[in-house]
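Please look through the notes below with the model open.

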Amino acid sequence: MLRVLCGFICLVSISSAAFCLNIEPTLPDAAQEQRARQLFYQVRCLSCPSEAISDSPSMMARSMRAAIRNRITEGKSDAAIREELLMHYGDAILMTPPLSSRTWLLWFGPLLALGAAGWVARMYFTASNTTVNIGKK
Amino acid sequence: MTLSQKLRLAPLVLMLLITSLLATGLFNDIDKVGKRMGKELDNFSIERLDKLGIKMNRSAWKGQVAMINIFATWCAPCRAEHPILMDLARKGIVPIYGVAWRDKPEAIISWLQRAGNPYQMIGHDPFGNTMIPFSLTGVPETLIVGKDGIVYYHHVSALTPLEVNEIIIPLIERLNAM
């Protein structure tokens with residue numbers, strides 16, 4: 001009896017995971033579905049901007065995945081789909097925004113900050129050494 | 001102040017610079033302005049909910065100043081802004097076209113019967129196909145189009161009375177006079 005009860009509890013606990021499954025209609029052509037999935041990794045989720053639509057179960061991500069699949073079946077190329085998304089949502093829609101005059105700070109900002117910090121540190125230590133040397137004299 | 005003292009202040013200055021940059025990003029309302037501003041809408045085609053079997057597309061509001069409201073009954077902010085839309089429709093300020101986004105027809109009809117129907121025409125988009133044409137980032141979103149079909153206002157999230165009175169109504173008056 002106890003075994004049956006334990007088995008039942010285990011089954012109920014496992015079956016609750018089924019609610020997390022998000023079954024979406026995929027494209028019948030495997031190569032097209034593969035292309036769609038590659039694009040999902042490149043497109044940012046609109047309601048959860050820190051992740052790509054490939055990882056999100058949100059309604060906006062699901063809609064975007066459906067829209068991308070539709071465009072692939074319409075015969076649009078990956079570049080054309082990316083271009084359309086950029087036109088409608090701007091650079092931020094791609095997980096790696098293209099390098100342009102508006103995004104250069106995003107790409108090179110950390111390097112500039114690192115360079116500035118290095119320069120300040122160098123000046124600081126040079127000045128400290130000079131002070132110490134003068135003090136010794 | 002010696003060079004060493006000046007350099008000691010450098011991290012503080014850098015930190016202030018970075019903080020002010022982040023604060024600017026945190027407090028600006030750029031996310032509330034949609035990406036369709038100043039552009040014509042791409043065409044789309046969805047079923048009309050108020051006249052079954054007939055399609056709705058951008059020619060619905062051709063040649064007129066119109067408001068397009070994308071909503072869903074499952075979305076609380078959409079319900080919150082509904083009285084504002086009702087008020088605009090009652091006063092006849094602008095024709096409002098509704099796009100019910102990823103919603104069930106019976107839920108939409110039941111909601112509009114209870115809360116009132118401010119829409120001149122309602123399109124039903126059960127699969128979210130209008131997402132890219134409207135540059136949607138969620139619901140509700142509201143667009144104001146001019147007689148030339150250009151989007152002059154694209155608001156992300158629920159409308160507020162202040163915004164309607166101070167921005168939308170004056171804009172509609174200006175567009176009607178154009």
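1. Strand S3 of chain B pairs with strand S6 (residues 141–145) of chain B in the antiparallel sense, over five bridges. Helices (H or I, at least four residues) and strands (E, at least two) are DSSP runs, numbered from the N terminus, and two strands pair if DSSP finds at least two bridges between them. B:Val145 in S6(B) is the bridge partner of B:Ala66.

2. This is a predicted model, in which local features need pLDDT of at least 70 and side-chain atom pairs count only at pLDDT 80 or more, while totals for chains, interfaces and linings use all residues. Residues are numbered from 1 along each chain as its sequence is written, chains are lettered from A and ligands numbered from 1 in the order in which they are written, and side-chain values use heavy atoms, with hydrogens and water left out.

3. S3(B) also pairs with strand S4 (residues 96–101) of chain B, in the parallel sense and again over five bridges. Here B:Phe71 stands opposite B:Ala100. S3(B), H2(B) and S4(B) form a right-handed β-α-β unit; right-handed means that, with the strands pointing away from the viewer, the path from the first strand over the helix to the second runs clockwise.

4. Six of the six residues of S3(B) are buried, so the strand is largely enclosed by the rest of the structure. Buried means under 20% relative accessible area (1.4 Å probe, protein chains only). In a regular strand, side chains alternate between the two faces of the sheet. Both faces of S3(B) are covered, with B:Ala66, B:Ile68 and B:Ile70 on one side and B:Met67, B:Asn69 and B:Phe71 on the other.

5. The open sheet has seven strands in the order S2-S1-S5-S4-S3-S6-S7 (chain B), with mixed pairing. Its edge strands, S2 (55–56) and S7 (151–156) of chain B, each pair on one side only. Strands S1 (residues 46–48) and S5 (residues 121–125) of chain B run antiparallel and are joined by two bridges; B:Arg48 has B:Gly123 as its partner in S5(B).

6. How many cavities of 30 Å³ or more does a search of the whole structure find? It finds one. A cavity is a set of points, on a 1 Å grid over the protein atoms alone, where a 1.4 Å probe fits but cannot get out; lining residues have an atom within 4 Å of a point. The largest cavity holds about 50 Å³ of space. H2(B) gives the largest share of its lining, five residues.

Technical notes
On a 1 Å grid over the protein atoms alone, a cavity is a set of points where a 1.4 Å probe fits but cannot get out, and a pocket is an open set with protein on both sides within 12 Å along at least five of seven lines; lining residues have an atom within 4 Å of a point. Grid points are joined across faces, edges and corners, and a volume is the space filled by probe spheres set on the points. Buried means under 20% relative accessible area, exposed over 50%, partly exposed in between (1.4 Å probe, protein chains only).
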